[in-house]
Amino acid sequence: MRTQRQDTRAPFSIVEQWIFHLDQESEPWSVHCEVRVAGRLDSDRLAAAALAAAARHPMARARMARFRPGDHRYWWEIPDLADHLSLEILDCPDDAALDDARDRLESMDVDLGSSPPFALTLAHRPGGDSLLLNLHHAAADGIGAYRLLTSIARAYAGAEDPVPDVNPLDVRDVRWQVGSRGVRDGLIRARELGDRVCGGAPARIARQGPGGAVTGYGFRLLRLGPEETEVVTQRRRDPATVNDLLVAALAIAVARFNSERAIPTGRVSVMTPVNLRPPAWSGEVVANILSFVSVSVPASERSDLAGTQLAVEARTRAQKARRLPGAVIDVLGLASVTPVGLRQFLARTVRHPISDKFVDTAILSNLGRLDQPLDFGPEAGTATEIWFSPPGQMPLGAGIGVATMNGEMFLTVRYCRAQFDATGARAFAEAWREVLLGG
C-alpha cells in the first residue's frame with residue numbers, strides 16, 4: 001500500500017456540485033454516522049485520532065475555495081493539516097440527553113470554508129460512550145463517513161490503517177463508470193426522464209407534527225436484535241435482496257401510515273444511493289463515489305411484502321441492466337456548463353416550485369452488513385451500536401439509514417421537524433418495523 005498523495009487543489013465532482021447546491025442551513029445535507037463503545041473514550045486521545053484520520057484522507061480535510069459568480073466550477077483546497085477540529089464533549093446521563101445532542105449536531109450546517117468538513121460530538125454515557133459524526137455530504141457519502149470513523153477508531157487504538165492503491169481525488173469522477181456511452185444510452189435515459197415527468201407526483205408521507213416554520217432534524221432509532229433480524233432476513237424472497245425488502249417494506253409502511261390518517265397514497269418513490277466503488281475496494285475511500293436511482297412502487301404492487309419486494313427487485317434489476325444510475329450523472333453534467341452563480345440562483349429559486357413533482361417520497365440508504373465492529377482498543381472496546389442516516393430535506397421529510405452489525409439491524413429514521421414531531425416519528429418508525437416483522 002502506498003501513502004495517498006497530498007494534492008493542494010481539486011475540482012468539485014458533478015455529484016459534489018449538486019449536493020452543495022441542495023445544502024441549506026435549515027436542513028443541511030449532512031451524513032450522520034454514530035457508534036457506541038463498551039467503555040470510555042478519552043477526549044484528548046480522540047481529538048488526536050480524528051486529526052490523524054483527517055490527515056489520512058484528502059477529502060476529510062478539504063475546504064471549499066473562494067469562488068466568483070462567473071466561475072464555471074468550484075474547487076477544493078486540500079491543506080496538509082486541518083485548520084481546526086470541532087469536537088464537543090458532553091456528559092449525557094440518559095438517552096434524552098443524547099437525543100438532544102444528536103439533534104443539535106446533525107442539524108448544524110458544517111462550514112465548508114474551513115478544514116475539516118466534519119464535526120464530532122463525544123458523549124460520555126453510563127454503560128459506554130457514543131461518538132457522533134456530522135460530515136458535510138459535499139465531501140463524502142455514507143460509505144466515506146463510515147470509513148472516516150474507521151480511521152478514527154484505528155488511530156485511537158494505534159492500529160494500522162491501510163488504504164487502497166488508488167488516487168482518492170481522481171476516483172471521485174464517476175462519469176467514466178456510468179456516464180452515457182452513446183446514443184442508445186442517451187435515448188434510454190431521456191425516455192426514463194420523460195416517464196418520470198409524466199408519471200405524476202410521488203406520494204408524500206402524511207405530516208404529523210407541530211406545523212409552522214420549524215427547522216432542523218430529529219431522529220428515531222430502531223434496534224432489531226438477532227432474533228428479530230433473523231425474522232426480517234427470512235422474509236426475503238429470491239431473487240430479491242435485503243435492500244429490495246427494505247424498500248418494499250418502507251413503501252407499504254408509508255401507505256399504511258397514510259391510510260391511518262385518511263391520506264390517499266399513490267405511487268411511493270424511494271430514492272436509493274448506488275455505491276459506484278468497484279468490488280476490490282467497495283468500502284474504501286472518503287469521498288462521494290455514488291449515484292442515485294428512484295424506485296417506484298405503485299399501489300397495485302403493495303398487496304403484501306412478498307409480492308412487493310419481488311416487484312422492487314424486478315425494477316432495480318432493470319435499472320442496472322439499462323445503466324440508469326448514470327442518468328442523474330448525465331443530467332448534472334449538462335447543468336455544470338453554466339456559471340456557478342446561475343446554478344446557485346436556479347437551485348434557490350426553482351427547486352421549491354418543482355420539488356413536489358420530482359422529489360421522491362423518502363430516501364433509504366443501506367450500509368449493508370459490516371464484517372467487524374469498529375475497535376477502539378482494549379480500554380474503550382469495540383462498537384456495540386452503529387447508527388447512520390442520510391439527509392432528507394422537505395418535501396422528502398425522511399432520510400432512512402440501515403446498518404447491520406453483530407447479527408443486529410440498526411435502523412435510523414431521520415426526519416425533518418416540519419414533517420414529524422416525536423410522536424409522529426415514533427408512529428411512522430413503528431409502522432415500518434411492523435411491516436418488516438410481519439405485523
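Colleague: What should I know about the model before we start?
Modeller: It is predicted: local features need pLDDT of at least 70, side-chain atom pairs count only at pLDDT 80 or more, and totals for chains, interfaces and linings use all residues. Residues are numbered from 1 along each chain as its sequence is written, and side-chain values use heavy atoms, leaving out hydrogens and water.

Colleague: What is the strand order in the open sheet of five strands?
Modeller: The order is β5-β6-β7-β2-β12, with mixed pairing. Strands are DSSP runs of E of at least two residues, and helices are runs of H or I of at least four, numbered from the N terminus; two strands pair if DSSP finds at least two bridges between them.

Colleague: Which strands stand at the edges?
Modeller: β5 (86-91) and β12 (383-389) do; each has a single partner strand, so one side of each is left without a neighbour in the sheet.

Colleague: How many bridges join β6 to β7?
Modeller: Six bridges join β6 (residues 118-124) to β7 (residues 130-136), and the two strands run antiparallel. Thr121 has Leu132 in β7 as its bridge partner.

Colleague: Changing topic, at what angle do the axes of α8 and α13 cross?
Modeller: The axes of α8 (residues 242-259) and α13 (residues 422-437) cross at roughly 130° and come within 8 Å. Axes are lines fitted to C-alpha atoms, for helices over the stretch in contact (heavy atoms within 4.5 Å), with angles from 0 to 180 degrees between N-to-C directions.

Colleague: Which residues of α13 make the contact?
Modeller: Among them are Phe428, Trp432 and Val435 of α13; α8 contributes residues including Leu246 and Phe257.
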